[in-house]
Structures are given as C-alpha cells and as structure tokens.
Amino acid sequence: MAETYKVSGMHCASCAANIERTLKKVAGIRTASVNFGTETLSVEYDASRLTLRDIANSITPLGFKLIMPPKADAPVADNPKQAELLDLRNKVRVIMPLVAISALIMGWDVLSQLGWIAPPAYNTKEVLHHLLPLMATYALFVTGLPYLKGLWQFMRTGMASMDTLIGLGTSVAFIYSFVLSALEEPLAAYVDTSHTYYDVTIVVIGFITLGKYLEARARLRTGDAIARLLGLSAPAALVVRNGAEVEVPVGEVQLGDVIRVKPGSKIPVDGVVLEGQSYIDESMLTGEPMPVATSIGARVIGGTLNTTGSFTFKATKVGADTLLASIIRMVENAQGSKAPIQALADRISAIFVPAVLVIALLSLTAWLVLGIPAYGLNHALALGLASFVGVLVIACPCALGLATPTAIIVGVGKGAEAGILVKDAATLERLAGVDTVVVDKTGTLTTGKPQVIALEVYNGATAAQALSALVALEQQSEHPVARAILAHAEAQKQPAATLANFQSLQGRGVRGEIDGTTWHAGSPRLMADLNITLDRAQLEAQTAKGYTPVFLAKDKTLMAAVWVADSLKPEAAEAVKALQAMGKRVVMLTGDNANTAKHIAALAGITEVKAEVLPADKLAYVKEQQAAGHKVAMTGDGVNDAPALAQADVGIAMGTGTDVAIDTAGITLLHGDMGKLAKALRLSQLTMLGVKQNLFWAFIFNLVGIPLAAGALYPVYGLTLSPIFAGMAMSFSSVAVVSNSLRLRFKRL
C-alpha cells in the first residue's frame, strides 16, 4: 500500500513531474505519484532496500523537502501553509510599492514620448536612472530569490521548473540592463543604452509574487473541509471512573470507558448509550439539519453535538478507529489522489518547461537573425529580448498543474460536508459519466429495519419450536430480515435452540443441525431446491402486499412461514425521481420475491426490476450492462452486494451497511440516505465540469499567450506582449483556476 507524505518547495506541475521522474529511477521504489495541488507524495517502496530518509535524500538535491512524520512525543508544529502565506504577504507589501513606482516611471516615459506631458527634468532623470537599478536589484535578489534558486537547480540538475523560467527571464533582463548601465559610453555607438529592462524585472517579479500570494491564500481555503472536520473533535471527555466523573484528554479515552455527556457538549468518541436520552445534532457529519433522537442502545458518533439531555455511553471506538477519524483519512486520501483526466496535464507539464525554453531561445534567435535586417539592431534586439523574457514568463505551467487537484480538493471536501464520502478522485470522475444506476432493495431503497408481520406453523410444529429454530439459524446472518426475526423472538422471550454445522446458502438462506436433524430457513427458491411445495396463491397474495417470506423446513417438510415487511425510506421516491430527471436509468436488483420487489419498486417509481437474483446474478447483470456500453453505478449495503459493488464502474455503499460493502465501494453515503445519491452524481458532474473549465483556461492562456509573447503577430499587425503583461497574465491564470474551483463550494447539490 502506498504511503502519503507532504513535500515542500513545489511551485508548479513541473516540480511534481521532476520529483516523480527522479524517484521512479531509485532502486526499491515501486510506485511514486506526486500531487502538486495537495503538495503530497504517494510512494510505495521496498522497506528492505531503502528507508524513508533515503527517499527524502533523493529529492533534496532538486530543492524539495520531504516532510517526515513527527515523532509521537514531538510538539505540534505550526501550519507550514500559514507560514508560507505570511512570508508571501510580507514580500508583497515590500515589492508592490516598488512596482507602483516603476509603473509611474514607465507611464511618465510613455506619455512624454507621446507629447502628452513634459519629459522629466535632467536631475529627475538622473535620480530615476539610479533608482531603478537599486529597486531591480532588491526585486531580483531578495523577493526573486526563489526564482534564482530554481535557475541554479536547473544548472545543477538539468531539471527545469516554473522558477527556472521566471529566474532565467528576469535575470536576462536585469543583466542586459546592468551591462548597458555599466558600459553606457562604449556601447552607445552600437545600441540604445537608454532602453533598459529594470522595470520589467521589478514588475514581473512583483506581479508573480502577488499572484503566488493570492493563489496560496485561495488554495488554503480549498482545504477548509479537512480543517472543519478536524475542528469537530472534542478536546476532552468526562469519564466515569470509580464512581466519579473525571475530565481527561480525548486521546486518553480507553475502549470500554463509560463517558458522561452533558447538554451542549460534543461527543468525544464513538459508543453505545447506556443510560439517558437526548437529541444529537449530526449535521456536520451527515448534512442533515434535524437533531436525531437518541436513547438506550443507540449508537453515538464522536464529534457530533449533544443538544438537550444528559446521558452516559460506553466507548466502542477510540482514537484512529472512530468514524470521524476514518472520514478525515478518507477525505485526505481522496483529495491527494489523482483523477485519470489529470494524466493529460501531467504528461504536458513534464515536457512543457523544456519546450518553452527552446521556444524562448528560438524567438530570440529569430529576432536577431531576421529582425536586424528588417528593423535595425536596436529595435530587433529590444523585440528579441522582450519576446525571450515574455515567453518564459507567460508559459509557466502553474495553472495547468492546479487545474485538476484544486477542483478535486474542493469537490471531495464539499461531498464530505454533505455526508458523501469519496474514496478517490478516479471514482469522482467515473461517477460523472454514469448513465445507469442499479440499486439494491433492502437497506438501500427500504429502511432495512423490517418487522415480523405474522408467523404461521404447519405439519404439527408449534410457534415456540419454529421460532426457536429460526433464531438458532438466523442469528448467524447479517441480513435485515434475519435481524427482524431475532427482534421478534427477543420480544417473545424465545431462546435459541442449540445449533451445529451451520452453513450459509448464498442468496437463498441458511441451514444447520438441531438435535441431529437438518433444518433450513430461507426463500421460496430454497424450498423449491428441497422439492417442498408452497401455497402459490397465498405466496402471491402476501408478496403483492410487499411482504417478504422466510420459510422454515425440517428435513424436507415445511414447518413454518414468517412474513416480514419493510418500509420504503422517506427520501427514496424523491431520490429516484431526481436521478431520472438527470437522465439516469434506475434499475432495482434484489434477491427478494418478484411480487415484493415490484411492490417496493412501484412505491419508489422504478420501472425496471430484477428480482430473486443471487449475488452472482447481480454481478453478472452489472457485467452485462457494461458489455452493452453502459457506465454503471451500483448501490447496496450488504455482503451479497459486494461483488457487484466491486465490478461496477462506481460502487456506492450505504453508511448503515456492512463493513464489506463500505470497504468495496468507492463512495459511501452516511446514514444510508438515498437522497444523497442524486447529490453525489451532481457533485461529480460539477467537479468534473470545474476540472474541464480549469484545463481550458490553463491551455488557452498558453496557446494564445506564447505566440503573442514571441512576437508572431508583430510583423503583420504590430502586436506583441510586453513581459510585464505576460507576468500579469501568468499570475491571473493561476488565480483564475483556483478561484473557479472555489466556486464549487457555493453550488447547491
């Protein structure tokens, strides 16, 4: 399994590509994937051949740092992203006044050449002549130090990044200007020494630093969902020990501890209520605004808020095992994963920077070779340098690297806040393309809490004998119908018979031995396999009412029939209607009787029903639909749904279902709320739309900007792109991409 670590020092998608290329060459590393948007490295390696420190040392020469996991007793470090944001803010506060001064000087120069205002006096001109180099020196060697480091890393390793492009472009502009200033008199006969590019160095570094600050501030907000989830944790718990209530840090709560929760307090860990009752606000975990009634035997979730009464509960899950901790892990993993669509951006980013370097050099060479005969040395050299710097600056692939991960981060976070847990980015992308939604009946469309309506006995059996045998057989099963029978037996105070040689008959029922005799309990299909004749008229009449039958047989003699009824979830019909309104085909698959299935399907508004299917049949149906060209989402909650959940393009599990179903699925709907199914599809569509919009803007800036900056339109239209505006455009493209991703936070699902 791949482990995920934070990486500092990345500034663009090319940085991520450089790290990936380097690590994939290291012996012992099986896989390495770097996500620029979340600044994480997911790596799988052979621990017998190298250590995590070896991996960290592999990327250090590139200028990147692997953040090692803290020791257990280490103090909690400050948020590095906040520190980075503060550093960028301080740089912006210094550099932007210099940018303003440079802009005023440029504006004065342009307007005076047009004759609109008087040119600066000689003394003023001399002051400005010396002021600009000083400001440019500060801009390049203080504010622009990260870009110079990027240039130095390129010279050492041959691996280029965004910082390489900025560092090279601004350095060339500065060095050229410095040479003109230092050798003004000797060079005056050959070039126009009054035309320097100090202002380009200042303004480009200023705007790019401002853009990085705005981008960092926006990106910090993309992780708000994790921050809010972390903020749900209660800092302490009131534990009952030796008859007294003692407040302890939540990290010291042990399994089995009895905890008191007072009104207005957060529940510290997961558990089961022992005494008292209350209403609990679970909105931050489920998205549902109404508090949930809680009484003895109810399950409570750590991080939720107790609103009214006081109660005690027994801790059943603590620390990393709580539901909140698992949700945070799932969200973090999903936000750090890559969607398949990102592969395109990654491939382009890997070759983008070297290609831009070549384009920049070719544009400079073309202007010198072809431009000098047409425009003269001074003009051609000025255009050539402007093109060289402009191409390097505008072509930075930041926006390209941010396009997919920022949208995924926001989308996954929004889903978590709405009670929709996404396992990885690939699942979210596949869900957007689903056209067929297959749903299980029991526990998915229905509440999964059926009740026994009637118990009928045959062939001399007594109700007590039949119920005793049923309890013995069904207590081994996780199916909701089995739980209904057990609840009915408990209410009747009927103990279980002694059972031996229990066996589950997949999709049909169960069997075992009681006092040396074989007993079966299960569906009409199981009775047919035993050659037991059923009353078809009664079966048709009862199942038409929505009742599910469970038959009990001793050897091959029918002994009893239990009629169980389940109710449709309140939100199920509305959820199906919403899916159909989105153009999705909804199909119900169930192992239940055909009449019962049709009854529930009619209540839910589903027209396509496949009943009396085994787990293997569900799997086969999903495969059949996929072979026909459909993209299938399978929704279920039981062990019998797991094969189909795994086979489907997207598996969606009910949060109230079995662990097997949840582990197999790519998406989990908390509290088993069917209403979240349509919201999950809407979320995936909005997220992928955001990704495509981001990629469009990232590509369009470069496709239009690079030729314009290179001067391709100048010979015909006299149009070119100043390096200053190139820097502004590059910064704006990154901010635009992140801002577009953040818009998803305000979309209604």
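How many bridges join strand S18 to S19, and in which sense do the strands run? Six bridges join strand S18 (residues 509–514) to S19, and the two run antiparallel.

This is a predicted model, in which local features need pLDDT of at least 70, side-chain atom pairs count only at pLDDT 80 or more, and totals for chains, interfaces and linings use all residues. Residues are numbered from 1 along each chain as its sequence is written, and side-chain values use heavy atoms, with hydrogens and water left out.

**Strands**

Helices (H or I, at least four residues) and strands (E, at least two) are DSSP runs, numbered from the N terminus. Two strands pair if DSSP finds at least two bridges between them.

S18 and S19 form a hairpin. Two residues lie between them. In the turn, aspartate 515 has a positive phi of about 55°. Across the pair, arginine 511 stands opposite histidine 520 in S19.

S19 also pairs with strand S20 (residues 547–554). That pairing is antiparallel, over four bridges. Glycine 522 has phenylalanine 551 in S20 as its bridge partner.

Is S19 enclosed or open? Five of the six residues of strand S19 (residues 517–522) are buried, so the strand is largely enclosed by the rest of the structure. Buried means under 20% relative accessible area, exposed over 50%, and partly exposed in between (1.4 Å probe, protein chains only).

Another sheet is open and has three strands, in the order S10-S9-S12. Its pairing is antiparallel. Strand S10 (292–294) and strand S12 (305–306) are the edge strands, each pairing on one side only. Strand S9 (residues 278–281) pairs with S12 over two bridges. Here aspartate 281 stands opposite leucine 305 in S12.

**Helix packing**

Two packed helices are described by the angle between their axes and the distance between the axes. Axes are lines fitted to C-alpha atoms, for helices over the stretch in contact, and angles run from 0 to 180 degrees between N-to-C directions. Angles under 35 degrees count as roughly parallel, over 145 as roughly antiparallel, 65 to 115 as roughly perpendicular and the rest as oblique.

| Helix pair | Angle | Axis distance |
|---|---|---|
| H17 (residues 463–474) and H18 (residues 480–491) | about 135° | 9 Å |
| H21 (residues 572–581) and H26 (residues 675–710) | roughly 25° | within 7 Å |
| H13 (residues 377–394) and H26 | about 165° | 8 Å |

With an angle of about 135°, H17 is oblique to H18. Their crossing is left-handed. A crossing is left-handed if the near helix is turned anticlockwise from the far one by less than a right angle, and right-handed if clockwise. H17 contributes Leu467, Leu470, Val471 and Glu474 to the contact. H18 contributes Ala482, Ile485, Leu486, His488 and Ala489. Contact means heavy atoms within 4.5 Å. By class, this contact of H17 with H18 has seven nonpolar, one polar and one charged residues. Ala, Val, Leu, Ile, Met, Phe, Trp, Tyr, Cys and Pro count as nonpolar, Asp, Glu, Lys and Arg as charged, and the others, Gly among them, as polar.

H26 packs with H21 and with H13. H21 and H26 are roughly parallel to each other. Ala575, Ala578 and Leu579 in H21 meet Gly675, Leu677, Ala678 and Leu681 in H26. This contact of H21 with H26 divides into six nonpolar, one polar and no charged residues.

H13 and H26 are roughly antiparallel, and their crossing is right-handed. From H13 come Ala386, Ser387, Gly390, Val391 and Ile394. They meet Phe701, Asn702, Gly705, Ile706, Ala709 and Ala710 in H26. The contact of H13 with H26 has seven nonpolar, four polar and no charged residues.

**Single residues**

Threonine 590 lies in the loop between strand S22 (585–589) and helix H22 (594–604). Threonine 590 counts as buried because its relative accessibility is 2%. Leaving aside neighbours within four places in sequence, its contacts include Asp440, Lys441, Ala597 and Lys618.

Arginine 748 sits in the segment after helix H28 (723–742). It is exposed, with a relative accessible area of 76%. Beyond neighbours within four places in sequence, arginine 748 is in contact with Arg682 and Leu686. Leucine 683 is 65 residues away in sequence and 9.0 Å away in space, C-alpha to C-alpha, from arginine 748.

Proline 715 is found in helix H27 (residues 714–717). Proline 715 is exposed, at 52% relative accessible area. Its C-alpha atom is separated by 9.6 Å from that of alanine 374, 341 residues apart along the chain.
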